[in-house]
Amino acid sequence: MMKKSKIDPYDWIEKTLSTIHQANWYRSPKSITSPPGPVIEIDGQSLINFASNDYLGLATDPRLKQAAIAAVQEWGTGSTGSRLLSGHRPIHQALENAIAEFKQTEAALVFSSGYLANLGTITALVGQRDLILSDQYNHSSLKNGAKLSSAVIIEYEHQNIWDLAEKLQKNRPQYRRCLIVSDSIFSMDGDACPLPDLINLAQTHDSMLLIDEAHATGVMGKTGAGIVEHFGCQREGIIQIGTLSKALGSLGGYVAGSAKLIDYLRNRAATWIYTTGLSPADTAAAIAAIQVIHQEPQRRQKLWENVAFFKQHLGQLDFFPTDSPILCLKSGKTEDALKLSEKLRQAGIFVPAIRPPTVPSSRLRFSLMATHELDHIQKLVTVLQ
Ligand SMILES: *Cc1c(COP(=O)(O)O)cnc(C)c1O
């Protein structure tokens, strides 16, 4: 036997962790000891919650809970296999039909998460001979999907349509296929992509367009279908991705688009083919969520009233301009963002500091919910002022 080396091959982990600490980038999960909602409990302290993606308050809705429980009773806890082998159930088809109807597309496909939906779809659509044009602030799942695809990736400046146009003009002719990808509501900034301009450029440059509606589904558009509905672009052949885990209060991801696209993805999207089907409970909860969104537009209306109320009372505070329930307060140094977050917590308000490497500059990111009461928002405004 060879002599063991004295160097521990895992030594670098501790060193890297200490570098992360020094930069104030260190993070660890906090245990929330109450159900999700506008008021939560951490370490025995009751806090008004401005950090949730549960925009409509559906994660604790009795109808979603009941649907999940009934699905477990009927179908068991696990799907027990990949959808193409032994994991496909009638409720999966029912959810995909409901999503397609909601999004006004021919078909839809559900994945185990929104992250996996992006990885699987992007890698199936483009490869080595192809080009991806990606907004520089896109979500991690879009960026990593692009990397994994082996296509050539060119980032364009955040929301800069002229920069995108120039880069398409210059580079598009050298490649076989081209895919433009963008968040619809940017997850850490809260601004909306200029969808009609993106569609225009995609059509001019013979390119596919993929939009990630994670933060817009249930929130934007007349029926809550997202940015595509908001701009009336349902007929434009856009590939719409999203998650079941934000406004829909469940877990899972989806792609909605043409029947051809979905048929192709069922045969080529590795993160769908080689993974277990969505659990019966998550599937049934998502179906119930879509029904509630149809039946109760007043939830969306209340959410937007809350957004308007908050914005009216911001005064001189330096918030990023947005048209969504995500509102970000600029803060210079990471240290300052952490201190401010801690101060707010002492005052009974939970809002995390979002730091590099998630975002280029530190900020406090507030997300509003339909279930916030005006008192909650009033208190936040008072403390901030
Ligand atoms: C949250 C999010 C995802 C990931 O969705 P999950 O279902 O949580 O994996 C993807 N894209 C964007 C823009 C997101 O905000």
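Leaving aside neighbours within four places in sequence, with which residues is arginine 345 in contact? In this predicted model, arginine 345 contacts Lys30, Ile42, Asp43, Gln45 and Leu47, where contact means heavy atoms within 4.5 Å. Arginine 345 is placed in helix H13, residues 334-346; helices (H or I, at least four residues) and strands (E, at least two) are DSSP runs numbered from the N terminus. With a relative accessibility of 14%, arginine 345 counts as buried; buried means under 20% relative accessible area, exposed over 50%, and partly exposed in between, computed with a 1.4 Å probe on protein chains only.

Residues are numbered from 1 along each chain as its sequence is written. Because the model is predicted, local features need pLDDT of at least 70 and side-chain atom pairs count only at pLDDT 80 or more, whereas totals for chains, interfaces and linings use all residues, and side-chain values use heavy atoms, with hydrogens and water left out.The protein chain contains 14 helices and 13 strands. Its radius of gyration is 22 Å, close to the 21 Å that the globule rule gives for 385 residues, so the chain is as compact as a globular protein of that length; the radius is taken over C-alpha atoms, and the rule is 2.2 Å times the number of residues to the power 0.38. Along the principal axes, the C-alpha atoms fill a box of roughly 60 × 60 × 55 Å. Of the 385 residues, 53% count as buried. Among contacts with a separation of 6 or more, 70% are accounted for by residues 24 or more positions apart.

Two helix pairs were examined. Helix H3 (residues 90-103) packs with helix H11 (residues 280-295) at an angle of about 30 degrees, and their axes are 9 Å apart. Axes are lines fitted to C-alpha atoms, for helices over the stretch in contact, and angles run from 0 to 180 degrees between N-to-C directions. H3 is therefore roughly parallel to H11; angles under 35 degrees count as roughly parallel, over 145 as roughly antiparallel, 65 to 115 as roughly perpendicular and the rest as oblique. From H3, Ile91, His92, Ala94, Leu95, Ala98, Ile99 and Phe102 meet Pro280, Thr283, Ala286, Ile287, Ile290, Ile293 and His294 of H11. The residues of this contact comprise 11 nonpolar, three polar and no charged; Ala, Val, Leu, Ile, Met, Phe, Trp, Tyr, Cys and Pro count as nonpolar, Asp, Glu, Lys and Arg as charged, and the others, Gly among them, as polar.

Helix H4 (residues 114-125) and helix H9 (residues 259-268) pack at about 100 degrees, with axes 10 Å apart, and are therefore roughly perpendicular to each other. Thr121, Ala124 and Leu125 of H4 make the contact with Leu261, Tyr264, Leu265 and Arg268 of H9. These residues divide into five nonpolar, one polar and one charged.

Phenylalanine 319 is situated in the loop between helix H12 (297-312) and strand E10 (326-330). Phenylalanine 319 is buried, with a relative accessible area of 10%. Not counting residues up to four places away in sequence, phenylalanine 319 touches Phe310, Leu314, Leu327, Cys328, Leu329, Phe366 and Leu384.

Backbone features were also found in loops. Proline 356 and proline 357 are joined by a cis peptide bond with omega of about 10 degrees, and proline 357 lies in the loop between strand E12 (353-354) and strand E13 (363-367). Glutamine 104, although not a glycine, has a positive phi of about 55 degrees; glutamine 104 is partly exposed, at 39% relative accessible area.
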